[in-house]
Amino acid sequence: MLYETSPLAIAIFSVFVLSVIGLSFFLGRKGQSAQGYYAAHGEIHWFVNGIAFAGDYLSAASFLGICGMIAFYGYDGFLYSIGFLAGWVVALFVIAEPIKRLGKFTFADALDSQFNSPGIKLAVATSTLVVSIFYLIPQMVGAGDLISPLLGLPHTAGVVLVGVSVTLIVVTAGMVSTTWVQFIKGSLLVFFCGVLTVMILNRGLIVNAGGDAGVELKPQVKTICPDGMRLIDGEPQSKTHDLRPVGTIKSLPARYAGQASTGPLGPLAYLSAIEDSTIVTWTSKKHTDVQGVHTTYSPVERSGKDLLKPGGYFKGLTTGTLSDKLDFASLMLALFCGTASLPHILIRYYTVKDQAAARKSTVVGIAVIGAFYVLTLYLGLGAMVSGALDPTSSNMAAPLLAKTFSTTLFAIISAIAFTTVLGTVSGLIMAGSGAVAHDLVENYFQIPLSDHEKVRCGKIAAVGLGIVAMVLGVAFRNFNVSFLVGWAFNIAASANLPALVMLLFWPRTTKQGITAAVSVGMVSSLTWILLSADTFEKVYGWSREASIVPFSQPGLVTIPLGFVVLIVVSFLSPRPTQRTG
Amino acid sequence: MSHAKPNDPNLSPGSARIGLVLFVMYVLLYAGLIGIVLFRPELLSTRPFGGVNLAIAYGMGLIGAAFLLAIVYMIACRMVEGSPASRQAASSGGVRKKQHRD
């Protein structure tokens, strides 16, 4: 679909970006120590840190991705919400306090605190960089994808705008400015999603919202010709001849018989009314011939009951094959274990003063992130029946839903979508910068750095990572990015979690065991992903059947593999002398 | 940086054990939903509480349970850390830590 450029969205976004960059320069005007740059002096208040956790964690994948997935496929998107939040339980109950107690600047500090092993430093710094870069790609591509329809700028402009802004934020004041950007973003995101949810409930459900009965139920065909021209039903695409927006209610529950609208509904009544309604969604089918690539979007009536149970996106759950079920279980395991292994989340524990503050900030994070994920259900379902969805882009569900209320809200939600990217990318660049300067340069290569040089080294690394992020954001622009976030979670969980958990709970753990577990976890999960059916189909364009691994998500195999490797290698290596006294 | 033993109970008085118990409780709840999705999906369409179906109720319940257990953990940690036995343990842990470095 083609979109109107919103000057208000540009204005709001510009004000936000200029404000946070101004704030960063203000915070960075004083000379900075390494402790300040990498860990905000350990002086961030636990409440601010808790909200910043939300700003760090709730990436574009969470906000736009989950809303879009619920709007397109129903309940399955909510399963992602449940998994993403459950990971925080691991963070709070198992990881938060030990990480704070054992480390100083980075995750490698904690894993290496007992051993002073070059192998651990190299393996953990590499896994931090790999996970950060895999997580950066979808964020940057998402920024580019959003900027075209919303601000009328080319994809590259979006990538460069985010890359330059974030690099400036990180370089000016490191973790201090990163924390405040994430705090502001986290607060705005949850507040405005709350406002939008209240408006959705207040509007209730409306039959055939935004549409014209009778016209709706015809399929439409979009063609992309070999010369790049786009046709809709055989005519050139234009603002007056475009795909119709989709997603409406065909009929309300019997208790509203004869009514065109339910009127305002409570949170539970809204869900139960959707379940008893008949909803018009759509299917898309692609085929290619000499005239180009044709995609047919056909309306299809579905019962609310079907949409509010699993199986819309994870189709394998309904077909019932074992490998599909294992694939789903593996994804849910990776989401559960991945959160507490993400480097940009872990470094946030060094910004508070002690373990109690680490614990309290995680509880605040769980409250805010949990509230947000409950809201995603309403935003997604609200978008599903708003009559405003673009069948070609699930990422646009939340902004388009906002547009059905007012252009101002659309502008605000669009601007927040960009700031979502800013907050997460700054955290990732900060984590990568610490891995390069602190773990690799200073600790692994043993290059002596003064406090001032260490900060400068981190800033140079941040600029380098900013450039890498921009290049990858442009290079991967046509890439299907949704499962890159899944890659990052799988790699993080497979490489980092076994080492951290065993270090905390098994005294026999050795440095060789940790190095081997991190390396094997990282390499095995990456290899599995590259050989999976999803990658064969979506990346290489090959047949799914040619894949040589039984299911696409590696976590179910590679996370236990990390534990097994650690145990075996630890038994084969000398008992750690430092830890037995 | 601390070089103390990470699993030294004196350095994390009681809170680690409480955390593990709550963690196991949550794992069982989470695994319960995945188990139902995989093996008894028909249950998810039932409406055990009259209003919303089990899929939504369980999902919302898991999000609520994470917050509830987090609050329980925070209160329990405060009680454990505030107890005289814990203060004594923490203080002797500090001595041990110093000896370890020496």
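Student: How are H1(A) and H8(A) oriented to each other?

Tutor: In general, axes are lines fitted to C-alpha atoms, for helices over the stretch in contact, and angles run from 0 to 180 degrees between N-to-C directions; angles under 35 degrees count as roughly parallel, over 145 as roughly antiparallel, 65 to 115 as roughly perpendicular and the rest as oblique. Here the axes of helix H1 (residues 7–27) of chain A and helix H8 (residues 155–203) of chain A cross at roughly 105° and come within 8 Å, and H1(A) and H8(A) are therefore roughly perpendicular to each other. This is a predicted model, in which local features need pLDDT of at least 70 and side-chain atom pairs count only at pLDDT 80 or more, while totals for chains, interfaces and linings use all residues. Residues are numbered from 1 along each chain as its sequence is written, and chains are lettered from A and ligands numbered from 1 in the order in which they are written. Helices (H or I, at least four residues) and strands (E, at least two) are DSSP runs, numbered from the N terminus.

Student: Which residues of H1(A) and H8(A) meet?

Tutor: Two residues are in contact if their C-beta atoms, placed from the backbone, lie within 7 Å. On the side of H1(A) the residues include Val17(A), Val20(A) and Phe25(A), and on the side of H8(A) they include Leu168(A), Val176(A) and Trp180(A). The residues of this contact of H1(A) with H8(A) divide into 13 nonpolar, 4 polar and no charged, where Ala, Val, Leu, Ile, Met, Phe, Trp, Tyr, Cys and Pro count as nonpolar, Asp, Glu, Lys and Arg as charged, and the others, Gly among them, as polar.

Student: How far apart are the end C-alpha atoms of H8(A), and where does H8(A) bend?

Tutor: The expected span of a helix is 1.5 Å times one less than its number of residues. H8(A) has 49 residues, yet its end C-alpha atoms are only 35 Å apart, short of the 72 Å that a straight helix would reach. H8(A) bends by about 125° at Gly174(A), the bend at a residue being the angle between axes fitted to the seven residues ending there and the seven starting there. After H8(A) comes Gly204(A), whose phi is positive, near 70°.

Student: What do span and burial show for H14(A)?

Tutor: The 30 residues of helix H14 (residues 355–384) of chain A should span 44 Å, and the end C-alpha atoms are 43 Å apart, which agrees. For burial, a residue is buried if 20 or more other C-beta atoms lie within 10 Å of its own, exposed if 12 or fewer, and partly exposed in between, with C-beta atoms placed from the backbone. In H14(A), 25 of the 30 residues are buried, so this helix is largely enclosed by the rest of the structure.

Student: Where is Asn116(A), and is Asn116(A) buried or exposed?

Tutor: Asn116(A) is in the loop between helix H6 (107–112) and helix H7 (118–151) of chain A, and Asn116(A) is exposed, with 12 other C-beta atoms within 10 Å. Its phi is near 50°, a positive value in a residue other than glycine. Asn208(A), in the loop between H8 and strand E1 (220–224) of chain A, also is not a glycine and has a positive phi of about 55°, but Asn208(A) is partly exposed, with 17 other C-beta atoms within 10 Å.

Student: What is the secondary structure of chain B, and how does chain B touch chain A?

Tutor: Chain B comes to 3 helices and 0 strands, and buried residues make up 27% of its 102 residues. The contact between the chains takes 37 residues from chain B and 45 residues from chain A. On the side of chain B that touches chain A, helix H1 (15–39) and helix H2 (54–82) of chain B each supply at least two residues, and H2(B) gives the most, with 13 residues. That side of chain B divides into 26 nonpolar, 10 polar and 1 charged.

Student: Which residues does Leu33(B) contact?

Tutor: Leaving aside its neighbours within four places in sequence, Leu33(B) is in contact with Tyr58(B) and Leu62(B). Leu33(B) is in helix H1 of chain B, and Leu33(B) is buried, with 22 other C-beta atoms within 10 Å.
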